[in-house]
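Please work through the exercises below with the sequence and the 3D view side by side, trying each task before reading its solution.

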Amino acid sequence: MPPTRAALPDAVAGSLSLACLIHCLALPVAVATVPAMAQWFVMPESLHMILFALALPVSSLALWRGQSRHERAYPASVGAAGLALMAAGLIIHDWETPLTVAGALLLAWAHLANWLARKADCPG
Ligand SMILES: [Zn+2]
């Protein structure tokens, strides 16, 4: 089912956080299991920066619009916490993966909650 126009920013931002979870969690496992895969999955060092730069405006738009529409503050609060953790992961390199994974999970949760809240308030 393709996302409706109102759901599109949530779908895009949710997909970006999922892309980062796959990059941070599944890819190292895949490369460790089948080392030959490493040459097929060359990820730029700047991937987190790129994902964050894309997620920040899309997430902000989706969560801000959601909050003004359905007047529930928690998806935006959870999303802001997720974006803050992802930003911290870009700065604190020793903690990059755990901070980014935690941030991406919070962000995915925020967009799911935002989407569910909009669906509950505006059926159809
Ligand atoms: Zn990642």
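This is a predicted model: local features need pLDDT of at least 70, side-chain atom pairs count only at pLDDT 80 or more; totals for chains, interfaces and linings use all residues.

**Exercise 1.** Determine how helix H3 and helix H4 are oriented relative to each other.

*Solution.* Begin by locating the two elements, helix H3 at residues 74–91 and helix H4 at residues 96–121, whose axes come within 7 Å and cross at roughly 160°. Next, apply the cut-off, by which angles over 145 degrees count as roughly antiparallel. H3 and H4 are therefore roughly antiparallel to each other.

**Exercise 2.** Compare the reach of H3 with the expected value.

*Solution.* Count the residues of H3, which number 18, and then take the span from the first C-alpha to the last, which is 26 Å. At 1.5 Å a residue, 26 Å is expected, and the span of H3 is close to that value.

**Exercise 3.** Which residues of H3 are buried, and what covers them?

*Solution.* The buried residues of H3 are Pro75, Ala76, Val78, Gly79, Gly82, Leu83, Leu85, Met86 and Gly89. Their cover includes helix H2 (47–70) and H4.

**Exercise 4.** Is Tyr74 buried or partly exposed?

*Solution.* Find Tyr74 in helix H3, and note that 13 other C-beta atoms lie within 10 Å. Because a residue is buried at 20 or more and exposed at 12 or fewer, Tyr74 is partly exposed.

Definitions and conventions
Residues are numbered from 1 along each chain as its sequence is written. Axes are lines fitted to C-alpha atoms, for helices over the stretch in contact, and angles run from 0 to 180 degrees between N-to-C directions. Helices (H or I, at least four residues) and strands (E, at least two) are DSSP runs, numbered from the N terminus. Angles under 35 degrees count as roughly parallel, over 145 as roughly antiparallel, 65 to 115 as roughly perpendicular and the rest as oblique. The expected span of a helix is 1.5 Å times one less than its number of residues. Two residues are in contact if their C-beta atoms, placed from the backbone, lie within 7 Å.
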